[in-house]
Amino acid sequence: MNSTSNSSNGDSTKWILDTVEIDRMVEIPLKDELRAPVLPFSNEEKSVKRNSSNTWKRNGVHGTVPRMQRTESGASRGFKSLRFLDRTTTGKEGDAWRAIEKRFHQFASDGRLFRDKFGPCIGMGDSKEFAGELFDALARRRKINATNGIVKGELREFWEDMTNQDLESRLQIFFDMCDKNGDGKLSEDEVKEVIVLSAGANKLTNLKQQAAPYAALIMEELDPDHLGYIEIWQLETLLRGMVNSEEGNVSKQTLTLTKTMIPKRYRTPASKILSKSTEIIHENWKRVWLVGLWALVNLVLFFWKFHQYKHKDAFKIMGFCLCIAKGAAETLKLNMALILLPVCRRTLTKLRSTFLSTIIPFDDNINFHKMIALAIAIATCVHTITHATCDFPRLTSCPKHKFMRILGPNFHFKQPSYWALVESVSGTTGIIMIFIMAFSFTLATHSFRRNMIKLPWPLHHLAGFNAFWYAHHMLVLVYVLLIIHGYFLFLTQEWYLKTTWMYLLIPILFYASERTLTSLHENNHHVNIIKAIIYTGNVLALYMSKPPGFKYKSGMYLFVKCPNISTFEWHPFSITSAPGDDYLSVHIRTLGDWTTELKNIFAEACEPPATQPKRGGLIRMETKAMSSFDLSQIRFPKIIIRGPYGAPAQNYKKYDILLLIGLGIGATPFISILKDLLNGIKPNEANADQVNHQSPGGDRKGPGRAYFYWVTREQGSFEWFKGVMDDIAEYDQNHVIEMHNYLTSVYEEGDARSALIAMVQSLQHAKNGLDVVSESRIRTHFARPNWRKVFSNLASTHKSSRIGVFYCGSPILTKQLKELCQEFSMDTSTRFHFHKENF
């Protein structure tokens, strides 16, 4: 929080005001006024603009193009951010040129840079076609014959043109790119070519195939007299309309975020650190007490066993090494028992709905499982190393008379050799357990499980979810060996002192019972496939019949098994249908061998469409309507489900406001929530009036507002949930649900490669209410969200509210979102609670 230097003396010690201009996060209703700045043009305006356009001659020499004598227009303000290269208005333009100059020497041939190398040289390596057209436009502008390439001096002139601070100059370059024949007019074909070029640079396959109707739309709006061409002033007018509408929205929705005085606990560095620590503990107190209790129990067991063996006769021979080994073994037995509890999913799902959820962080069950596994690995290493490097050598090198007097009865009065100890039952079982555990733990690491490590043949099958799943089930053998290992001890003879089986008995029976009950319920969870759709992006959507008694909450997930692929493998997927729907649905992205095989099986079962799909890039295969599910099952592979199981998002109703963030396929856990909220919004024919007065989700208490941010890099992704987006736009008149779609493959606003796409999007949305990217009624933003601005807007809009932040996606964004939640929870009256989906 920044202090204000010019505040009055009386207020400086009490108040520090911070004024931040932000946009209210609401969906702007479609009105005819949005088109007003574009059409119609008055005759007087047409005459003035055309005269101005006619005086704008391209002389081909930089700096001689006459500037239009007028005040800075809305279009000029809009084109302030129009750029062809990365931002260079930072005072370090020389550094930017040096980078291009270096690449010139890298890509030039005999001192000349050719057209196909121009893109990589200026930093447009991924947009070579666009860069080629820019190269031609700049060459025409400079009257350079660039057939045989350009020299470094000419490249410098091109760079100066692209980075020129003159607004009209950059606009002219953009127009020249569109106007290939140089007649000062843009025909419909030229507009179409530039749309295709921009769509290709931004990886918009669907938009590329719809270039013709969008070019016709631009001509319809900007050429009302049907002259067959448009001029630069008309292109400028379109941009002014975009800027004016945006400025109008901002003026209506701008508000002042005022932070009151800094609390006393944040005024000094020491108190600030103390207060932040307190806030962190308050935010994580469930984790703190549970992990603290677990750590305390481990320490107590370790030192209890350490102290116990310190007073045994064997201590006289093996010393403290024996105490350390036995202490580690005691914690190992405890953790081998505890590690089974976090994966008892059925039990945890039921406990989430009890009072225990207020004191136990059930959402962190997988993290706790991993933490216990780490403790097991550490205890195993300590136990093994101390035995192998200290206890065994001391035992075998001990004088025989001393050994017989102290430990003779334990070894049948025969002093063993080192290898005899290794080859014993305890030694053999211990070695086998170490190898199995090391193998299983390695395949469970993130890199192996996510198939991020590419192994050579024939070891490539060791990476991926399948390898992790099968290796984990090998740990059943470890438990058998551990009981044997704990029974055949050298230093303990009484059976009731061999406590390994005592630690493991109840957890193993509990886990085995849950697995058995789950297997028995499989017969009740055979589902019928109603419909299967394969979308662009290798996403398979399965719509299934709902088994009797299958009750779930939005945000939960289930396991899917396909016996046609494997009789043992189960894979978790979020439920994308709402609890009120009469069917179940999941959306599965092919990221591994099992999901790829599942998609291939359904692709073979699905009949191809009778006609070619209207939208290029979308592969859509659906079933035919069947009179009975039995007939449908003949065509489709058998699917068995297990669940439902609890997830962090299922508790969304306890928050005042929701912030749902999904990256790519990570949107799936939140689609069910949106559908559930939407079902509470949709009018019901039987009691429409009653529904209108209910909160989302019927008469149940729920969040008053939900913000959904979906970030994806593929245009085809929006097809997955297009129906949900259209329903939200149609029924959510009170803006309870606010969707923000972001397409990261499109260059950010202001980049010349996306300028025309932004214009087309503005026209299409204003005229037809449809987005050119998602082809839904929800408008798509370009590039990535400014998360700090998102949190700032929420904090100012929903003061003193509890906002549940639910995230599903790449771990890269987890840390940033978590830190923003903590920061804005401390600096504002709004409390942000962060939750990440874990499977």
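At what angle do α21 and α23 pack, and how far apart are their axes? The first close-up answers this, and the others follow. Keep in mind throughout that this is a predicted model.

**Figure 1. Helices α21 and α23 pack against each other in this predicted model.**
The two helices meet at an angle of about 150°, and their axes lie 8 Å apart. An angle over 145 degrees counts as roughly antiparallel, so α21 and α23 are roughly antiparallel to each other. The crossing in which α21 passes α23 is left-handed. To find the meeting place, look for Phe439, Ser440 and Leu443 on the α21 side. Across from them, α23 brings Ala467, Phe468, Ala471 and His472.

**Figure 2. Helix α23 and its buried residues.**
Stay with α23, which covers residues 465–473. Which of its residues are buried? They are Phe465, Asn466, Ala467, Phe468, Trp469 and Ala471.

**Figure 3. Helices α24 and α25 cross at roughly 155°.**
Helix α24 spans residues 475–487, while α25 runs over residues 500–520. Their axes come within 9 Å of each other. With the crossing angle at roughly 155°, α24 and α25 are therefore roughly antiparallel to each other. Here too the crossing is a left-handed one, with α24 passing α25. On α24, the contact is made by Tyr479, Leu482, Ile483 and Gly486. On α25, the partners are Thr500, Leu504 and Ile508.

**Figure 4. Leucine 504, a buried residue of helix α25.**
This view zooms in on one member of the contact between α24 and α25. Is leucine 504 buried or exposed? Its relative accessible area is 1%, so leucine 504 is buried. Leaving out residues up to four places away in sequence, leucine 504 touches Tyr479, Leu482 and Ile483, as well as Lys333, Met336 and Ala337. The chain also brings leucine 334 into this picture: leucine 504 and leucine 334 are 170 residues apart along the chain, but their C-alpha atoms are separated by 7.9 Å.

**Figure 5. The largest nonpolar core of the protein.**
How many residues does this core have? It has 63, and those with the most contacts inside it are Ile195, Ile218, Leu658 and Phe708. Helix α11 (residues 211–222) gives the most to this core, with seven residues. In soluble globular proteins, nonpolar side chains tend to be buried together. Now find isoleucine 195: setting aside its neighbours within four places in sequence, isoleucine 195 is in contact with Ala211, Tyr214, Ala215, Ile218, Leu756 and Val760.

**Figure 6. Glutamate 133 in helix α6.**
Helix α6 covers residues 128–142, and glutamate 133 is part of it. With a relative accessible area of 16%, glutamate 133 is buried, because buried means under 20%. Not counting residues up to four places away in sequence, glutamate 133 touches Arg115, Met177, Lys180 and Leu197.

**Figure 7. Aspartate 313 and isoleucine 406.**
Aspartate 313 sits in the loop between α14 (285–310) and α15 (315–318). Its relative accessible area is 44%, so aspartate 313 is partly exposed. Count along the sequence and you will find isoleucine 406 to be 93 residues away from aspartate 313; in space, the two are 6.3 Å apart, C-alpha to C-alpha.

**Figure 8. Backbone details at aspartate 110, serine 800 and proline 644.**
Aspartate 110 is not a glycine, yet it has a positive phi of about 55°. You can find aspartate 110 in the loop between α4 (93–107) and α5 (115–122), where it is exposed, with a relative accessible area of 79%. Serine 800 is not a glycine either, and its phi is positive too, at about 60°. The loop holding serine 800 lies between α32 (787–797) and β14 (802–808). At 58% relative accessibility, serine 800 counts as exposed. For the last stop, turn to strand β9 (residues 639–645), which contains proline 644. What kind of peptide bond joins glycine 643 and proline 644? The bond is cis, with omega at about 0°.

Terms used
Residues are numbered from 1 along each chain as its sequence is written. This is a predicted model: local features need pLDDT of at least 70, side-chain atom pairs count only at pLDDT 80 or more; totals for chains, interfaces and linings use all residues. Side-chain values use heavy atoms; hydrogens and water are left out. A nonpolar core is a set of buried Ala, Val, Leu, Ile, Met, Phe, Trp, Tyr and Cys residues joined through side-chain atoms within 4.5 Å. Buried means under 20% relative accessible area, exposed over 50%, partly exposed in between (1.4 Å probe, protein chains only). Helices (H or I, at least four residues) and strands (E, at least two) are DSSP runs, numbered from the N terminus. Contact means heavy atoms within 4.5 Å. Axes are lines fitted to C-alpha atoms, for helices over the stretch in contact, and angles run from 0 to 180 degrees between N-to-C directions. Angles under 35 degrees count as roughly parallel, over 145 as roughly antiparallel, 65 to 115 as roughly perpendicular and the rest as oblique. A crossing is left-handed if the near helix is turned anticlockwise from the far one by less than a right angle, and right-handed if clockwise.
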